[in-house]
Amino acid sequence: MMPSIVKRMFASLVVICLLKGTFAQQRPAWAKETPEQKEKRMAWWTNDRFGLFIHWGLYAMPARHEWVQHYEKISPENYRKYFSLFNPDMFDPKEWARQAKLAGMKYMVITTKHHEGFCLWDTKFTEYKITNTPYGKDLIKPMVEAFRAEGIRIGFYYSLIDWNHPHFSLDGSHPPTPADPAKRAEENTKRDMKVYQQYMKDQLRELLTQYGKIDELFLDFSYNGKGRNEWDSENLLKLVRQLQPQIIVNDRLDLNDTDWGWDYKTPEQFIPSEWVKVNGKKVPWETCQTFSGSWGYHRDENTWKSVNQLILMLIETVSKGGNLLLNVGPTARGNFDERATERLEGIGKWMRYNNRSIYGCTEAPATFSKPPNCLLTYNATTKRLYIHVLQWPFKSLHLPGYKGKFRYAQFLHDGSEIRFSSPAASGSHTTETGNAGDVVLQLPVVKPGVEVPVIELILE
Ligand code: GLC
């Protein structure tokens with residue numbers, strides 16, 4: 001017989017566990033995977049580091065942000081005008097893929113359906129799709145084929161939110177939501193999220209069976225009132241994993257208290273201060289970023305980042321062990337607008353000569369301190385350290401404590417030797433000899449003609 005105090009303690013433990021959802025967190029049988037298996041599954045992704053996000057839908061026509069329907073409270077009837085006119089006559093996915101490839105991007109993620117609910121493929125489950133617009137043809141298949149032909153992997157973005165589906169229950173995110181909560185509640189009695197859950201599964205089944213191997217899935221997103229129960233997240237993910245066992249899935253299904261319900265974290269329009277951690281452990285992460293303040297094509301948005309800023313963003317992300325998913329919002333004619341093209345070209349110019357400091361790279365070991373105005377990345381396989389010099393110094397780059405740690409230094413863009421000395425300074429009229437462990441790199445006075453010069457150290 002259990003003493004009653006023990007019984008009571010046991011009972012409260014069960015209650016606490018239930019409250020904390022501990023049982024829900026248990027790894028289901030279908031999600032069994034060792035950390036090593038997960039690392040292997042994600043190996044291409046952690047190697048490739050740089051992807052292209054594409055936000056494209058009817059919202060390219062108003063060209064005032066992809067949330068325009070919500071922001072401007074456009075009724076479904078009014079929003080239909082875009083649907084009845086959408087005709088991206090200049091759509092040329094080969095050109096998109098060419099630009100992405102030149103920019104050095106290794107994977108792409110396309111919005112198959114955004115919050116507006118419009119589908120870019122010929123889905124059987126709604127009439128609100130590309131084949132019913134004047135354009136009349138599936139956009140996803142030619143896109144997937146064109147990017148694959150350039151060796152670029154394929155990711156699908158799929159919006160969990162749906163402003164068009166008649167069973168998606170109304171909430172504050174919805175454009176035609178009646179402001180009056182009583183009216184909203186009344187309308188919601190006619191809506192059945194179970195029907196919508198099935199719709200999502202049916203559509204994901206199409207997307208994950210009709211286009212070959214899909215490498216990444218970006219589901220977007222959960223918030224107060226819409227989460228794991230409303231989406232039926234666990235079963236949705238189960239289906240995804242069954243259909244595409246190797247797929248890499250983001251973290252927006254509201255399963256973040258588990259270690260099996262997501263593969264990577266997604267800081268959005270935000271650069272974390274350090275490698276993203278969960279429960280104190282470094283985890284895979286990918287920051288998604290826009291060129292300007294909008295994901296969808298926004299004609300009048302003028303806060304475009306410079307090429308220099310974008311290159312730094314990529315380097316900084318990799319220097320903290322992350323991936324960068326950089327977004328283009330194509331126009332309603334089907335092109336990348338020239339501001340986007342110019343930036344992709346600028347990044348590509350830099351990547352062409354310097355991608356060795358990005359692909360296969362990660363955060364540098366803590367034993368290498370960061371020189372002033374520099375960012376470090378590191379390739380553990382080739383044992384090379386990359387010093388990205390953000391602001392050009394005068395002749396000397398001081399490397400504290402680097403003595404004996406590397407045997408050769410060169411610029412990455414032209415493979416030209418960089419001489420170095422230790423103690424740090426010698427010769428007449430210099431004021432210091434430095435610490436015994438320091439090294440000074442002897443740089444040219446004039447900054448080389450690359451946006452961000454990179455120095456490659458071949459380590460001992
Ligand atoms: C947000 C926005 C959305 C965009 C996404 C990209 O969740 O709702 O418009 O697609 O971020 O991560």
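These legends go with close-up views of a predicted model. Local features here need pLDDT of at least 70 and side-chain atom pairs pLDDT 80 or more, while totals for chains, interfaces and linings use all residues. Residues are numbered from 1 along each chain as its sequence is written, and side-chain values use heavy atoms, leaving out hydrogens and water.

**View 1. Residues around the ligand.** Here you can find the 14 residues around the ligand, of which His55, Glu66, Trp67, His114 and Glu268 come nearest.

View 2. Look for pairs of N or O atoms within 3.5 Å. The side chain of glutamate 66 has an N or O atom 2.6 Å from a ligand oxygen. For histidine 114, a polar side-chain atom lies 2.8 Å from an oxygen atom of the ligand. In tyrosine 157, the corresponding side-chain distance to a ligand oxygen is 3.3 Å. The protein buries 94% of the 310 Å² that the ligand exposes when taken alone, with areas from the Shrake-Rupley method and a 1.4 Å probe.

**View 3. Cysteines without disulfides.** Searching the whole structure for cysteine sulfur atoms within 2.5 Å of each other finds zero disulfides. Cysteine 361 is in none; its nearest cysteine sulfur, in cysteine 374, is 16 Å away. Cysteine 361 counts as buried because its relative accessibility is 1%, where buried means under 20% relative accessible area (1.4 Å probe, protein chains only). Cysteine 119 is also buried, at 0%.

How values were computed. A residue is near a molecule or strand if one of its heavy atoms lies within 4 Å of it. A polar contact is a pair of N or O atoms within 3.5 Å; within protein, one must be able to donate a hydrogen and the other to accept it, and residues adjacent in sequence count only if both atoms are side-chain atoms. Buried means under 20% relative accessible area, exposed over 50%, partly exposed in between (1.4 Å probe, protein chains only).
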